[in-house]
Amino acid sequence: MCAWYSAPSARRRGAARLAAATLVSGFVAAGVLAAAGPAVADGMPQSPGGATATIGGLKTYGTAVIHDDGGDHQVSAGLFEMSVDGGGTLQTYCIDVHNPTQRDAKYRETPWSGTSLAANKNAGKIRWILENSYPQVNDLAALAAKAGVGNLTEQDAAAGTQVAIWRYSDGADVDAVDPRAEKLADYLEESARALPEPRASLTLHPPAVSGRPGERVGPVTVHTNASSVTLTPPAGAATSGVRIVGKDGKEITSARDGSQVFFDVPEDAGDGSATLTAQASTSVPVGRAFTSDSRSQTQILAGSSESTVAATSGATWAAEGAIPALSAVKNCAKGALDITAANKGDEPFTFELMDTRYGIAAGASETITIPLQEDQAYDFTIRGPGGHAERFTGVLDCRTQGSPGGAVTQTVGEPSPVTAGGGTSPNPNLAETGGTSTTPLIAATGLSLLVLGATALSIVHKRKSAGN
């Protein structure tokens, strides 16, 4: 997590995790629990593009105390570090204090609409804090003067900034232990003003297009803060003849912000599909959110080196009939997944989803909102003409505190969801909180089951001994 509890609390939570693992193993054996972990790679990620990274440990941090119904919990609060796929480093604070951080969890850049910030009226103030505190402001003497303290260490600055963020991201009653860090947190909280959501580092819009052979299928618009992006043609382009072209029809291998690009599909091409990849090197804007489908807590960007960012857009074409273009995004304001189906064909496109039949008229586009439970894994497959199918998998993670009963995967179509096995061991370099009111209950229930199991084995052993 963003923070870990002191040693006694960690030991108590270790017992709770053991008990919880025992309970989970029982449910998995019964076929009740399903997860979207390994299946996510096979599906369409609900992310328009940007940076993807692997989380490391807390790098610069101090100590804070969270006050809740369970008492006072001492935590470490500060900056995480992430390693960007393809090169680069990110610094992040967490905005999800009550959920755990999974070791080596994969994260992707995500718009605020796909996180708890979607329904947070103070999201813009969090961005102000990030822009006006450490590490964006690395002149600690100047920052200390603004906060009215004598001096600040990097640890004080990181802890005070994280505490101020938690007050807005989670509504947490939290204080920094060090008086200087606490004074910085108060200054940041009181001074914060709402700023707009920062632009994505790189997206391609729309993420899916469709059309007919002999046409330029698109357009797909590039949105980026990079000076230019490299365009990688679809796999097998040399054989299929599909080219990536600009508005003038000329083949291109690079583009800029605002550029419109197209899939130029030969007239004699059979029904098919292709994917365009755009890649660039740039600094990810401060305030961008990062989420993980492994239920690892949501992060928000505080600093970025020059990093690799990427985005994809897919094209589908057919000579006749329905020609759907399918995409999906998480809608945390509604606690749902929005699936958009655009039909560029000459016949209606019909499909079933969640026991409901939908029809998209020729030339029309429709967004279907699928309500989901918090923490719920989903796995939807929509089949189109000619055997083409799009699979959307993930976990709805829209709140700062997890809700019970979100372990079942809603599944439509094939393949079946993968059942979950055991958990991963905690990383001592990662922060742990997990201070929810359900932890003692899980621990007690799990330990009770262990005791009952041991008692049953003892009785059976004694009866066998008596019989012998």
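Modeller: Happy to! Helix α2 is largely enclosed by the rest of the structure, because seven of its nine residues are buried (buried means under 20% relative accessible area, exposed over 50%, partly exposed in between, with a 1.4 Å probe and protein chains only). Helices here are DSSP runs of H or I with at least four residues, strands are E runs of at least two, and both are numbered from the N terminus.

Biologist: Before we go on, what kind of model is this, and how are residues numbered?

Modeller: This is a predicted model, where local features need pLDDT of at least 70 and side-chain atom pairs count only at pLDDT 80 or more, while totals for chains, interfaces and linings use all residues. Residues are numbered from 1 along each chain as its sequence is written, and side-chain values use heavy atoms, with hydrogens and water left out.

Biologist: Thanks. Which residues of α2 are buried, and what covers them?

Modeller: The buried ones are A123, G124, I126, R127, W128, I129 and L130. Their cover includes β4 (89–94), α4, α5 (179–191) and β16 (299–304).

Biologist: How do α2 and α4 cross?

Modeller: The axes of α2 (residues 123–131) and α4 (residues 154–169) come within 9 Å and cross at roughly 170°. That makes α2 roughly antiparallel to α4. Angles under 35 degrees count as roughly parallel, over 145 as roughly antiparallel, 65 to 115 as roughly perpendicular and the rest as oblique. The axes are lines fitted to C-alpha atoms, for helices over the stretch in contact, and angles run from 0 to 180 degrees between N-to-C directions.

Biologist: Which residues make that contact?

Modeller: From α2 there are K125, I126, I129 and L130, and from α4 T161, A164, I165, Y168 and S169; contact means heavy atoms within 4.5 Å. They divide into six nonpolar, two polar and one charged.

Biologist: Switching to strands: what does β18 pair with?

Modeller: β18 pairs with β19 (residues 336–343) in the antiparallel sense, over eight bridges; two strands pair if DSSP finds at least two bridges between them. P324, for instance, has N343 of β19 as its bridge partner. The two strands form a hairpin with four residues between them, and G335 in the turn has a positive phi of about 60°.

Biologist: Is β18 enclosed or open?

Modeller: Largely enclosed by the rest of the structure, because seven of the eight residues of β18 (residues 324–331) are buried.

Biologist: Nice. How many aromatic pairs are there?

Modeller: The structure holds three. In one of them, Y378 and F380 are stacked, with 5.8 Å centre to centre and 20° between the planes. Rings of Phe, Tyr and Trp (its six-membered ring) pair if their centres lie within 6.5 Å; planes under 30 degrees apart count as stacked, over 60 as edge-to-face and the rest as tilted. Y378 is buried at a relative accessible area of 0%, and F380 is buried at 0% too. There is also an aromatic cluster formed by F349, F351 and Y358.

Biologist: And the backbone: where are cis peptide bonds?

Modeller: One joins Y134 and P135, with omega about 10°, and P135 sits in the loop between α2 and α3 (140–147). Another joins H205 and P206, with omega about 0°; P206 lies in the loop between β7 (202–205) and β8 (208–211).

Biologist: Which residues other than glycine have a positive phi?

Modeller: D104 is one, at about 55°, in the loop between β4 and β5 (106–110). M354 has a phi near 55° and lies in the loop between β20 (349–353) and β21 (356–360).

Biologist: Is M354 buried or partly exposed?

Modeller: M354 is partly exposed, with a relative accessible area of 32%.

Key
Ala, Val, Leu, Ile, Met, Phe, Trp, Tyr, Cys and Pro count as nonpolar, Asp, Glu, Lys and Arg as charged, and the others, Gly among them, as polar.
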